[in-house]
Amino acid sequence: MNKFVSSLWGVQKMEIVSKFNWDTFGHFRHFYLRGFSFGDRMIKGPCQIWIFVSFNTLFATGSLIFFLSAMLFGYMYLFPTYSPVINSYGISESIVSNGTCNVLNGSWIQDESYPLYDASRCPFAEHGFNCLANGRKDKGYAKWRWKPRNCDIQRFNARAILEKLRGKRVVFVGDSLSRTQWESLICMLMTGVEDKRDVYEVNGQKITKQIRFLSVRFSSFNLNIDFYRSVFLVQPGPVPRHAPKRVKTTLRLDKMDSISKEWIDSDVLIFNSGHWWTRTKLFEMGWYFQVGNSLKLGMPLTTAFGKALNTWASWVETMVNSNRTSVFFRTFESSHWSGKNRNSCKVRKLPSSRSHGRDRSPISDVIIKVVKKMTVPVTVLHVTPMDAYRSDAHVGTWSDNPSVPDCSHWCLPGVPDTWNEILLLHLQSKNGVPLQ
C-alpha cells in the first residue's frame, strides 16, 4: 500500500512541478523540491495519503502566492506609478464645485512637464520671487501639479486662453499675494505670445511693492490684466477727535477703498485679503477700527474682518454687473512660519505629508460664510487646504533680501500658477461666465 501511495504522490508531484515555468522561477526550484521531499518522508500509512498530498499541494500553492506577492511589491517599490503625496482636502461642493467635480478637493502629484514658464524670461515676475535666479538649487518644488480627486485640470494652453480672453479686462485686487498671482498669470500667458514686445506695462512702470496700480497690456489680443493694491479692501481714515494717542490711523470697516470705483469696469474680478489682518500689522502700528463715527478699540480681528467683508459684499451686489463680470475671492494662502514666536522660516525640499492645522483659517471661514449669504454669484477659490502642504514652495531666503526669510510669499513659478489654472478652469466651465 505504501508503494502505491508513493507512486501516486510521485505522479502528482511531477504534475505540480511541470506546471511551473522554471526558466522564470529557477532560483526557487531547489526550495520547492525540498518542500516536496519533506511531504514524501511524512507519508506513513494509508489513512494519511490525502492529508499529506494536500499538504504538499498547499505548500506549493502558498509558496507561489508568497513569491508572486513579493515580486509585485518589489515592482511597485522600484517603479512607482501615479502616487499622490498628500491626502485630499476640500470644502462644500456648492462653494468650489466646477460642474460635477470639486476641483479643489485633490492632491499634489509630481509632474516633470512643470513648471509652465521660466521666471527669468518673464519681465513681470518680481526678482524677489524668482527663487532659482536667487540661488535656490533644488528645482523640485516647481515640479508639482494639482490633481483633483474626480477629474483633471486640462493642460495649460496659453494661446487658447489668450483667444478666450481677447478684448477682456482682468482685475486683481488685494495684497502682495494678489500681486504674485497677477504676475504668475502674465508670465503664464506670455508663453503664448510670439512677439514679447506686444506685452507691456501701460505706464512703463516697474513692478514694485509700493505702486497701487499696475496694468499689463497684451496688445495683440486687446487684453489688459490689472493689479490694484488694496490690502484691506476697505478705506483707511483720519483719526477722530479725542482718540487715544495710540490710534494713528483708523480702518473704516463700513466704507470701501476709495479706488474701488476703478474695479467696476472689468470682465473678471479676483479679490484676496487676510495677511494684513494681524495684530502686528494693525494694532502695533497704531491702526484701529472705526464704524461710522465710533472707534472700536476692543473689536476682535475676525469680527472686524467680517464687517469689512460684509461691506465688500454689499458693494459687489450694488456696483458690479454680474451679467458681465465674473467675481472670485481667493481664501487665505497658508504661510509656514514656525517656532515659538512664529518667526522661524524653514523651507522643505518636498511638500509636507501633514497639514499641521494649516488647512483651516478663521479668515477663510469668514470669506466662505459671507459669500454664502450673497445674492449674486461669487466663486470662492478655497486654496487654504491645498496650500497647507506646500511648505517647500515659499521664497525662504531665496529673495532679493536673503537676510529676511519669507515663509508667506511663494516662489515663481510655483503655487500661484495652480491658483490661476483653477481660476481659468472655472472661467471656461459651463457654470462660469463664458469668455466668448
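Biologist: How do you know that a disulfide joins Cys122 to Cys187?

Modeller: In this predicted model, the S to S distance of Cys122 and Cys187 is 2.1 Å. A disulfide is called when two cysteine sulfur atoms lie within 2.5 Å, so the pair of Cys122 and Cys187 qualifies.

Biologist: What makes the link of Cys122 and Cys187 left-handed?

Modeller: The torsion about the S-S bond of Cys122 and Cys187 is -85°, and the link is left-handed with that value. Cys122 lies in the loop between β3 and β4, while Cys187 belongs to helix α7 (residues 176-190), so the pair ties together parts that are 65 residues apart in sequence. Both Cys122 and Cys187 are buried.

Biologist: How do you know that Cys131 and Cys411 are joined by a disulfide?

Modeller: The S to S distance of Cys131 and Cys411 is 2.0 Å. The cut-off is within 2.5 Å, so Cys131 and Cys411 count as a disulfide. This pair links distant parts of the chain, for Cys131 is in the loop between β3 and β4 and Cys411 is in the loop between β19 and α11, 280 residues apart. With -90° about the S-S bond, the link of Cys131 and Cys411 is left-handed. Cys131 and Cys411 are both buried.

Biologist: Why is the disulfide of Cys345 and Cys407 called right-handed?

Modeller: The S to S distance of Cys345 and Cys407 is 2.1 Å, and the disulfide cut-off is within 2.5 Å. The torsion about the S-S bond of Cys345 and Cys407 is about 85°, so this disulfide is right-handed. The pair links distant parts of the chain, Cys345 in strand β16 and Cys407 in strand β19, 62 residues apart.

Biologist: Are Cys345 and Cys407 buried or exposed, and what makes them so?

Modeller: The relative accessible area of Cys345 is 17%, and that of Cys407 is 0%. Buried means under 20%; therefore Cys345 is buried, and Cys407 is buried as well.

Biologist: How many disulfides does the rule give?

Modeller: By this rule the count comes to three disulfides.

Biologist: Which peptide bond makes Pro115 a residue to look at?

Modeller: The peptide bond from Tyr114 to Pro115 is cis, with omega near 5°. Pro115 is placed in the loop between β3 (106-110) and β4 (144-148).

Biologist: What is the omega of the cis bond that joins Leu412 and Pro413?

Modeller: Omega is about -5° for the cis peptide bond of Leu412 and Pro413. Pro413 is found in the loop between β19 (406-410) and α11 (415-428).

Biologist: What is the phi of Leu233, and where is the residue found?

Modeller: The phi of Leu233 is near 75°, a positive value in a residue other than glycine. Leu233 is found in the loop between β8 (223-229) and β9 (234-237).

Biologist: Why is Leu233 called buried?

Modeller: The relative accessible area of Leu233 is 1%. Buried means under 20%, so Leu233 is buried.

Biologist: What makes His356 exposed?

Modeller: The relative accessibility of His356 is 53%. Exposed means over 50%, so His356 counts as exposed. His356 lies in the loop between β16 (344-345) and α9 (362-372). The phi of His356 is near 55°, again a positive value in a residue other than glycine.

How values were computed
Residues are numbered from 1 along each chain as its sequence is written. This is a predicted model: local features need pLDDT of at least 70, side-chain atom pairs count only at pLDDT 80 or more; totals for chains, interfaces and linings use all residues. Side-chain values use heavy atoms; hydrogens and water are left out. Helices (H or I, at least four residues) and strands (E, at least two) are DSSP runs, numbered from the N terminus. Buried means under 20% relative accessible area, exposed over 50%, partly exposed in between (1.4 Å probe, protein chains only).
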